[in-house]
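Reader: Please take me through one part of this model in detail. I would like the sheet, strand by strand, and then its setting in the chain.

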Amino acid sequence: MAAKIEIITTSDAGRLAEKGAELLYNTAKEAVARKDSFAVAVSGGSTPRAMHRLLSQEPYLADMPWQKTHFFWVDERMLPFDHPDSNYGAAQKDLMSIIPIPADQVYPMPAMMRSEEGADLYQAKLKTFFQDLGSLDPVFDLIILGIGTDGHTASLFPGQPSSQEPDRWVLSVKGGQPDVFRLTLTYAVLNRARHILFLASGGAKAAVVKTLIEDSRSQLPAAKIQALNGKITWLLDQKAASLLVEKKG
Ligand code: 6PG
C-alpha cells in the first residue's frame, strides 16, 4: 500500500457517515479555492448512502459549493436507474434529486446499452471533462470507494482480469452481487486521484480491512489501490477496525 495513508476510526456507522460528509465538504472547499471546481467520483453499495443523505441536509445543502461540483460514478450495474440495485438510482434518491447542482454536472454511467459501448462512452465523457479542465490525466479531487468482504473495490473483482492499460479508464465487467454486467473505473483512474477515501463499516469487513491495511503483499483488488498523486484515507467504524493492530481515533 502507498505510504500516504491515514486511518480514521469512528464509534459507529452513524458517525462514519458524518465524518465522511465532513471530509467530502472540506475537500470540495479546498478544491474550489485552488482551482474553482471540485470533481468527485462516488461508489455504489450500501455504505455511502447515509453519507449521501447527510449531504442533502443542512448545513451541507446550503454550504457545499454545488455550482462548482461535478459528480461522477466509480462503477455502475447495467440496470435501469429505477431498479433498486442501480447505483445512480440510489444516489439520485438520496442526494442528486435534492441538491442545487446543475444537471449537466452530474454524470451517471450509461447503464442502458451494451456494456462495452457504455464503457467507451463514459471514457469519452471523462476525457472531454478533464481536457476542458486543461488536463490529459483523469485526476479526481476525491474518489470514494467501498470494499467487499472478498477484497473487491469499485467493480474490480478477485480473479477478474482488470485492464492494466494506462489508456483504459472505464471497463465493462460482469460479476459481484448482483451478478450483472457493470461498468467500472480502472486503476489507471482510481490511482491518479488526489484523495482516495475508503469507507468500511461493520464486523463483517474487519478481516479484509486488516489484510488490506496490514498485509503489504496482498493481491486483492483493493490492495492495488495506490495513491500515486495523493493520499488514502481509511474511514472505518469501530467494528470494521476491530482487528487492526493499531487504531487511531
Ligand atoms: C458496487 C460497489 C461496490 C461496493 C462494495 C461494498 O457497485 O457494488 O461500488 O464496490 O462499494 O461492494 O458494498 P457495501 O457498501 O454495500 O458493503
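Author: Start with a definition: two strands pair if DSSP finds at least two bridges between them. Strands themselves are DSSP runs (E, at least two residues), and helices are runs of H or I with at least four; both are numbered from the N terminus. This is a predicted model, where local features need pLDDT of at least 70 and side-chain atom pairs count only at pLDDT 80 or more, while totals for chains, interfaces and linings use all residues. Residues are numbered from 1 along each chain as its sequence is written, and side-chain values use heavy atoms, with hydrogens and water left out.

In general, the strands of a sheet pair through backbone hydrogen bonds, either parallel or antiparallel.

Take strand 6 (residues 142-145). It runs parallel to strand 9 (residues 195-200), and three bridges join the two. Here Ile144 stands opposite Leu197 of strand 9.

Next comes strand 3 (residues 69-73). Five of its five residues are buried, where buried means under 20% relative accessible area, exposed over 50%, and partly exposed in between (1.4 Å probe, protein chains only). Both faces are covered. One side carries Thr69, Phe71 and Trp73; the other carries His70 and Phe72.

Strand 3 has partners in strand 2 and strand 5. Phe72 faces Tyr107 of strand 5.

Step back to the chain. It holds seven helices and 10 strands. Its radius of gyration is 17 Å, close to the 18 Å of the globule rule for 249 residues, so the chain is as compact as a globular protein of that length. That radius is taken over C-alpha atoms, and the rule is 2.2 Å times the number of residues to the power 0.38. Along the principal axes, the C-alpha atoms fill a box of roughly 45 × 40 × 35 Å. Of the 249 residues, 55% are buried. Contacts (heavy atoms within 4.5 Å) are counted at a separation of 6 or more, and 77% of these join residues 24 or more positions apart.
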